[in-house]
Amino acid sequence: MKILEIIIGLTSGGAERFVVDLCNQFTKEGHSVTLLTLKDLKYENYGFYLNDIHKEVRVESLGLRKFGPTIFFKLFKVINNKQVDIVHMHLASVPFFCVLPLIFHRKARYFVTSHNQAESERGNIRFLIKKILFKFKRFELIGISDQNSTSLLNVFGKRAIATIYNGRELLKETDKFLR
C-alpha cells in the first residue's frame, strides 16, 4: 500500500515522534511510505527527528517558513501527483490546509489522527471546516488514547475508527546490552 503521512514539521513534540514511529512501522510491514512536512526541515527545529526515520521512508518537505494561501494549492498538487492509497494527516491544522484534496481528490482514503482533545479545537474556522468535511465523510478519525477517542465522539458525534496508542515501543534487551 502507498501511504502519505503529512505533518507540519518534525519538531521535538509527541505528535512528531508518533508520526516518525508510525512511518517506520509501516515501512517494516512492507508499505511504501512518504512523510511530507509542511515546514522547511532546515529551519529552526523542524528537522529534530529527521535522523530517526527509517532509510526506506521517503521524506519530502514543502519547505515553508510561514503559511500563506499557496499552501492549499501546493498540497493539492502533491497529493494529486502522488497517487497514494492513504493520506494520513496529523495535528489540527493539516486537514484545513488539505481542504482542496479532501474535496476534489477522491482516489485516496483520508485519515486524521487527533493528537489533542477535540474540545480544544472548537471556536475557529479550521474546526468548522474540519467538522463539515467529516460530516460529508471525506475522512475518518483516529484517536491516540481512550480519552482522546471519547473526546472525538463527544465533539464529532462518531467514534474514531481506530485508536493508535501514543507512546514509544518498550525498550528490549538485545545481544548488545552487556557490551
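Colleague: Is Leu 128 buried, partly exposed or exposed?

Modeller: Bearing in mind that this is a predicted model, Leu 128 is partly exposed, because its relative accessible area is 45%, which falls between the 20% limit for buried and the 50% limit for exposed.

Colleague: And which helix is Leu 128 found in?

Modeller: Leu 128 is found in helix α5, and together with Ile 125, Ile 132 and Phe 136 it forms a nonpolar patch on the surface, with about 420 Å² of accessible area for the four residues together.

Colleague: Moving on to α6, which of its residues are buried?

Modeller: Helix α6 spans residues 146–156, and its buried residues are Asn 148, Ser 149, Ser 151, Leu 152, Val 155 and Phe 156. They cover an arc of only 155° around the axis, so they sit on the same side of α6.

Colleague: Why would residues three or four places apart point the same way?

Modeller: An α-helix has 3.6 residues a turn, so residues three or four places apart point the same way.

Colleague: What covers the buried residues of α6, and what does the face turned away carry?

Modeller: The cover includes α5 (125–135), β6 (140–143) and β7 (162–163), while the face turned away from the buried side carries the exposed residues Asp 146, Gln 147 and Asn 154.

Colleague: What follows α6?

Modeller: Gly 157 follows α6, and its phi is positive, near 75°.

Colleague: Last one: where does Gly 30 lie?

Modeller: Gly 30 lies in the loop between α1 (14–28) and β2 (32–39), and Gly 30 is exposed, with a relative accessible area of 61%.

Terms used: Residues numbered from 1 in each chain as written. Predicted model: local features only at pLDDT ≥ 70, side-chain atom pairs only at ≥ 80, totals over all residues. Heavy atoms only, no water. Helix = DSSP H or I, 4+ residues; strand = E, 2+ residues; numbered from the N terminus. Buried < 20%, exposed > 50% of the residue type's maximum accessible area, 1.4 Å probe, protein only. Arc of directions from axis to C-beta. Contact = heavy atoms within 4.5 Å. Patch = residues over 30% accessible without salt bridge, like charges linked within 9 Å, V, L, I, M, F, W, Y side chains within 5 Å. Areas by Shrake-Rupley, 256 points an atom, 1.4 Å probe, with all protein chains shown as cover. Salt bridge = Lys/Arg side-chain N within 4 Å of Asp/Glu carboxyl O.
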